[in-house]
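Here is a short briefing to read alongside the structure. Take a moment to look it over, then follow the points below.

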Amino acid sequence: MTRIGVAIDIPEPWGEQLTQRRADAGDPQAAYTPAHVTLLGPTEVPTEALPRIEKHLEAVAAAQEPFTIHLRGTGTFRPITEVVFVTLAVGISECELLAEAIVSSADINRGSRFPYHPHVTIAQDVPAAALDAAFDDLAAFSAKFPVPAFTLFSHGGEGPWRRRRDYPLGRT
């Protein structure tokens, strides 16, 4: 089995800023997971299925034209889960369509406890005061950028996620 994930990177200078804010909150995942919008969360797949999954991701990317994401302000999933995030003001529908298309692969069996909601996590499973501070600190945050691609990542169980391949959008 191989653990994979699919995400949209947050470009600089915002990516580093959001990753650093996550680290400042005391979130240990900041060291392993740069700022991103998840399209497919950590998912175990049969290693032999990777070539088929990569072909599926090519088709998904080709069917979606590049789009813009506008990050603006903060949100939280509290009290359901201890997460604070930066919200998407623009690009929600495109992310939802990509996420739905990605999990349509017969080789990806991903059950989810919660409905898909695109966001950028900035604090998770840290003390309440750190969650509150992250929420307040980035309440006025705003960043607008083009999304030309998404990325397939893999994880071996330790250390950071590894970039496997970028998938340019709109290459039909």
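**A pocket and a strand**

Strand β2 gives the most to the lining of the largest pocket, contributing 6 residues. Keep in mind that this is a predicted model.

**The largest pocket**

- The space in the largest pocket comes to about 1,500 Å³.
- Its lining is made up of 49 residues, and those closest to the pocket's centre are Thr-38, Gly-41, Pro-42, Arg-110 and His-119.
- Two or more lining residues come from each of these elements: β1 (2-9), α1 (14-24), β2 (36-45), α3 (92-102), β5 (119-124) and β7 (149-155).

**Strand β4 and its partners**

- On one side of the pairing list is β3 (residues 67-76), which runs antiparallel to β4 and is joined to it by 5 bridges.
- Within that pairing, Thr-74 has Val-86 of β4 as its bridge partner.
- A hairpin of 6 residues links β3 to β4.
- Strand β5 also pairs with β4: the two run antiparallel, with 5 bridges between them.
- Which residue of β5 is the bridge partner of Phe-85? That partner is Thr-121.

Technical notes: Residues numbered from 1 in each chain as written. Predicted model: local features only at pLDDT ≥ 70, side-chain atom pairs only at ≥ 80, totals over all residues. Heavy atoms only, no water. 1 Å grid on protein atoms, 1.4 Å probe; cavity = no way out; pocket = protein on both sides within 12 Å on 5 of 7 lines; lining within 4 Å. Points joined across faces, edges and corners; volume = space filled by probe spheres on them. Helix = DSSP H or I, 4+ residues; strand = E, 2+ residues; numbered from the N terminus. Pairing = 2+ DSSP bridges.
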